[in-house]
Amino acid sequence: MNSPKPRPGFPARLPAGAPAPVAARPQVAAKLALPVASGVGLDSHAVRQAMVRKLAGQGIGHAEVLAAMGTVERHRFVDSALVNQAYEDTSLPIGLGQTISKPNVVARMLELLCHGRGLPLGRVLEVGTGCGYQAAVMSLLAKEVYSIERLRGLHEKARENLRPLRLPNLHLLLGDGMLGYAPGAPYAGIVAAAGGEAIPTAWTDQLAVGGRLVAPAALQPGRQHLVVIEKTLNGLQQTVLEPVHFVPLKSGVV
Ligand code: SAH
């Protein structure tokens with residue numbers, strides 16, 4: 001993705017030229033201000049702020065999403081051999097055939113989740129913890145985050161990656177996220193990092209009225225799009241957005 005492509009309009013884009021914040025809320029920054037791991041060999045703060053400026057240039061305008069992206073150290077979530085690519089706008093392998101989503105995709109999804117709503121959101125659910133990166137970003141935008149992963153190896157990797165960040169509002173779960181996670185419902189937001197052919201009904205059932213779900217789905221065979229569903233008093237409102245490429249949503253725990 002070299003140039004900012006116009007994207008379908010849900011929600012309406014934020015005003016062009018909205019300032020791109022480069023610093024997180026002070027309490028957030030304090031919470032995550034950890035020494036950079038030895039051997040990383042990069043000034044991660046400066047590189048991350050460059051990533052944030054790039055995201056803003058690509059059309060991400062949500063101040064607190066940008067601040068959260070500028071705070072979480074993405075290089076802590078990738079293998080040491082890939083650290084130098086951690087702040088490039090690219091997805092990277094995290095093991096077991098899965099990938100950490102591109103920064104642009106994470107920011108886009110979280111902007112869709114947060115747009116027009118007071119922050120922090122209440123309880124939110126992430127389906128597909130992977131390495132735990134997006135869950136960490138979400139923990140800065142919501143009061144409580146439940147993140148569920150079906151692959152034990154990644155669930156454990158995420159636990160290790162996240163341990164030093166000490167995020168008490170982030171709860172990692174091993175399970176089949178196609179079933180959602182009923183004990184935490186109803187959710188103000190649900191975000192999926194893997195896509196099936198339809199949005200599982202468990203997800204919309206577990207969404208609060210006034211809540212919003214952002215997920216990839218191949219509603220037409222072979223053509224995955226980002227889908228936003230809002231739950232209102234009058235029912236579900238679905239908006240289909242741009243084409244995307246997420247790993248498949250699979251059932252069962254391995
Ligand atoms: N948000 C992650 C992205 C990981 S890729 C990150 O920041 O790294 C998507 C993840 O979804 C994969 O780890 C995959 O195993 C997981 N996944 C796929 N189907 C799932 C399901 N039914 N329940 C839970 N996780 C699932």
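**Entry 1: the model**
I am working with a predicted model. I number residues from 1 along the chain.

**Entry 2: around the ligand**
I began with the ligand.

I then looked up individual atom pairs. A polar side-chain atom of Glu-149 sits 2.6 Å from an oxygen atom of the ligand. For Gly-177, a polar backbone atom is 2.7 Å from a ligand nitrogen atom. Gly-128 also uses a polar backbone atom, placed 3.1 Å from a nitrogen atom of the ligand.

How much of the ligand's accessible area does the protein cover? I read 99% of the 580 Å² that the ligand has on its own.

I moved on to β8, which spans residues 207-220. Is this strand mostly covered or mostly open? It is mostly covered, with 10 of its 14 residues buried.

I traced two partners. Strand β6 (residues 187-192) pairs with β8 in the parallel sense, over 4 bridges. There I noted Tyr-187 standing opposite Leu-207 of β8. Strand β9 (residues 223-232) runs antiparallel to β8, and 7 bridges join the two. One pairing I wrote down is Arg-212 with its bridge partner Glu-230 in β9.

I also checked the turn. The hairpin of β8 and β9 has 2 residues between the strands. In this hairpin, Gly-222 takes a positive phi near 75°.

A reminder to myself: side chains in a regular strand alternate between the two faces of the sheet.

**Entry 3: helix α4**
My last stop was α4, residues 103-114. From first C-alpha to last, its 12 residues reach 16 Å. That is close to the 16 Å expected at 1.5 Å a residue.

Why do I call α4 largely enclosed by the rest of the structure? Because 12 of its 12 residues are buried. Buried here means under 20% relative accessible area. The buried residues include the charged Arg-108 and Glu-111, along with Pro-103, Met-109 and Cys-114.

Just after α4, I found Gly-116 with a positive phi of about 75°.

Conventions. This is a predicted model: local features need pLDDT of at least 70, side-chain atom pairs count only at pLDDT 80 or more; totals for chains, interfaces and linings use all residues. Side-chain values use heavy atoms; hydrogens and water are left out. A polar contact is a pair of N or O atoms within 3.5 Å; within protein, one must be able to donate a hydrogen and the other to accept it, and residues adjacent in sequence count only if both atoms are side-chain atoms. Accessible areas come from the Shrake-Rupley method with a 1.4 Å probe; for residues, only the protein chains shown count as cover. Buried means under 20% relative accessible area, exposed over 50%, partly exposed in between (1.4 Å probe, protein chains only). Two strands pair if DSSP finds at least two bridges between them. The expected span of a helix is 1.5 Å times one less than its number of residues.
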